[in-house]
Amino acid sequence: MSAETTTMSRPSTALLTDHYELTMLQAALRSGAAHRTSVFELFARRLPEGRRYGVVAGTGRFLDALADFRFGDAELEDLRQREVVDEATLSWLADYRFTGDIWGYAEGETYFPGSPVLVVESTFAEGVILETLALSIFNHDTAIAGAASRMTGAAGDRPCIEMGSRRTHDMAAVAAARAAYIAGFTTTSNLEAGRRYGVPTAGTAAHSFTLLHDDEREAFQAQVDSLGVGTTLLVDTYDVTTAVEIAVEVAGPQLGGVRLDSGDLLVQAREVREQLDRLGATGTRIVVTSDLDEFAIAALQAGPVDAYGVGTQLVTGSGAPTASMVYKLVARADDAGAMVGVAKASKDKLSVAGRKYALRRIGDNGIAQEEVIGIGERPENDGNDRELLVPLVERGRVVGATSLDAARDRHARSRAELPRPALQLSRGEPVIPTTYVDDQP
């Protein structure tokens with residue numbers, strides 16, 4: 001269990017996988033190749049179109065899921081009843097425990113095309129059945145973190161609130177809140193993300209609460225009486241100007257905030273700011289919501305906005321709902337026990353054979369210049385470069401679990417290390433190139 005997760009009963013994750021993984025396991029067990037030492041790598045051949053960097057997220061969730069990857073009586077009986085695999089394979093699965101080693105980019109780290117985000121060293125049998133589990137977690141969480149990082153980069157020092165739970169699957173909402181926090185969002189509206197991962201939670205107000213009462217004054221008074229003058233009042237249910245005036249009359253100039261959720265947000269924010277200042281509520285914050293993405297946030301930076309609430313576009317990856325990562329066998333032992341590189345050779349899905357090592361080449365000015373990937377051995381470090389792969393699992397034991405706050409801090413440092421064009425929202429190529437260094441003849 002990772003350091004960020006509270007102690008709670010969790011079900012097996014063993015069937016969060018694809019049918020063919022177990023049938024390929026059965027065939028490999030029968031052929032005798034299942035126990036060959038193998039290296040699998042999880043990576044993206046390319047970033048989402050126009051993106052300049054990616055953000056690793058999901059590592060902690062994967063390590064938790066790996067700990068729960070066990071075939072108990074219920075899972076085995078289900079596979080038996082549906083005749084997915086034979087009895088010999090079921091017997092092997094009953095004793096399954098991952099006993100290999102896993103390396104990876106630390107959670108929160110930025111990555112680029114070809115970056116070996118996860119390196120799994122084990123027998124073929126132990127590693128192959130983790131493919132879907134790893135991909136489902138990393139493809140989702142990394143896509144959300146990549147979108148979130150663009151949003152927080154556009155927002156600068158103005159906080160972003162994750163509000164997307166109602167726009168995605170219930171469990172995806174929890175994972176999305178976690179990933180967004182890693183990439184710089186300050187809070188989430190999702191209470192399960194707060195309970196499970198310790199993400200700070202926050203909320204504003206609902207239109208239904210205003211509509212429940214006879215008028216806005218009654219609604220605002222009830223909210224302030226219950227939650228105090230520091231609360232945030234929703235002022236666009238009817239007429240914004242009238243609502244702001246009533247809000248300050250009810251709460252006084254110490255009103256915590258007002259929320260705008262419709263209309264021309266930039267124009268309204270300017271008008272509301274002027275009105276609040278005239279009424280003496282100079283410290284009242286303006287929170288804007290309404291289908292924001294990184295481009296809308298960047299435009300709103302020209303206005304007096306204090307915080308952004310982001311929902312749909314965040315939890316759907318802002319146009320990139322998956323990171324398009326793949327999990328490929330890149331090396332395996334031959335009949336003599338020597339490791340040999342292997343790779344697909346199809347024209348549009350090329351892979352690079354051989355176990356990878358990675359470092360971030362850093363210039364004298366402290367800015368990243370290049371992603372250097374060594375094949376078969378570590379690239380030469382010129383003294384101030386950063387090694388990117390860290391041990392996550394050793395001989396089946398989790399050794400690389402870190403806190404969510406550590407991942408959040410790591411992302412802030414990693415993004416700050418990138419060249420300035422990394423934060424540009426215009427379409428472009430990865431902000432640093434990926435270079436392979438091959439020691440093979």
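The model is a predicted one, in which local features need pLDDT of at least 70 and side-chain atom pairs count only at pLDDT 80 or more, while totals for chains, interfaces and linings use all residues. Residues are numbered from 1 along each chain as its sequence is written, and side-chain values use heavy atoms, with hydrogens and water left out.

Next, select residues 368-375, strand 15, which runs antiparallel to strand 14 and is joined to it by seven bridges (two strands pair if DSSP finds at least two bridges between them). Five residues lie between the strands of this hairpin, where G366 takes a positive phi near 80°.

Now show residues 386-387, strand 16, which pairs with strand 14 in the antiparallel sense over two bridges; here R386 is the bridge partner of R360.

Colour residues 356-362 by accessibility: seven of the seven residues of strand 14 are buried (under 20% relative accessible area, with a 1.4 Å probe and protein chains only). K356, A358, R360 and I362 point one way, and Y357, L359 and R361 the other.

Finally, move to E21 in helix 1, residues 19-31. The side chains of E21 and T17 are joined by a polar contact of 2.5 Å. Beyond its neighbours within four places in sequence, E21 is in contact (heavy atoms within 4.5 Å) with V128, I129, L130, E131 and T132.

Terms used
Buried < 20%, exposed > 50% of the residue type's maximum accessible area, 1.4 Å probe, protein only. Helix = DSSP H or I, 4+ residues; strand = E, 2+ residues; numbered from the N terminus. Polar contact = N/O pair within 3.5 Å; in protein donor to acceptor, adjacent residues only side chain to side chain.
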